[in-house]
Amino acid sequence: DLIAAYKQRPQIGGIYAVTNKETGKSLVLASPDMGGIRKRYEFSALMGGCFHPKLQQDVNRFGCGAFSFAVLEELEKKATQTDRAFMDDLEVLLGLWLERYDPDTLY
């Protein structure tokens, strides 16, 4: 029953930002699993590690505590949607979000 319930849960993807509070720079990415990516970020911060290779230099310089995680927008996968179509939608959404940022403030 638990496995069936897990498989039937809605898949929530979206756009998120990891922001360096010291420099104001952000890493803005898309994920098909917002819950999983948030847990990955929290685990890496708890362990003192680096969440993403693009952040490594600033993690070494400022530490994990200098970063924050924010969900910018969520998108639920439709029951009839393929994984590829869902990722395509997320990529379009990511492009729209990246247009809102000054390229100099992005990793």
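Student: What makes strand 1 and strand 2 a pair?

Tutor: Two strands pair if DSSP finds at least two bridges between them, and strand 1 (residues 12-20) and strand 2 have 6 bridges in the antiparallel sense, so they qualify as a pair. Strands here are DSSP runs of E, at least two residues long, and helices are runs of H or I, at least four residues long, both numbered from the N terminus. Within the pairing, alanine 17 stands opposite valine 28 in strand 2.

Tutor: Keep in mind that this is a predicted model: local features need pLDDT of at least 70, side-chain atom pairs count only at pLDDT 80 or more, and totals for chains, interfaces and linings use all residues. Residues are numbered from 1 along each chain as its sequence is written, and side-chain values use heavy atoms, with hydrogens and water left out.

Student: Why is serine 31 called buried?

Tutor: Buried means under 20% relative accessible area, exposed over 50%, partly exposed in between (1.4 Å probe, protein chains only). Serine 31 comes out at 6%, so it counts as buried. That serine is found in strand 2 (residues 26-31).

Student: Which residues does serine 31 touch, leaving out those up to four places away in sequence?

Tutor: Gly13, Gly14, Tyr16, Ile37 and Leu90; contact means heavy atoms within 4.5 Å.

Student: What makes strand 2 an edge strand?

Tutor: The open sheet has 3 strands in the order 2-1-3, with antiparallel pairing. Strand 2 and strand 3 (67-76) each have a single partner strand, so one side of each has no neighbour in the sheet.
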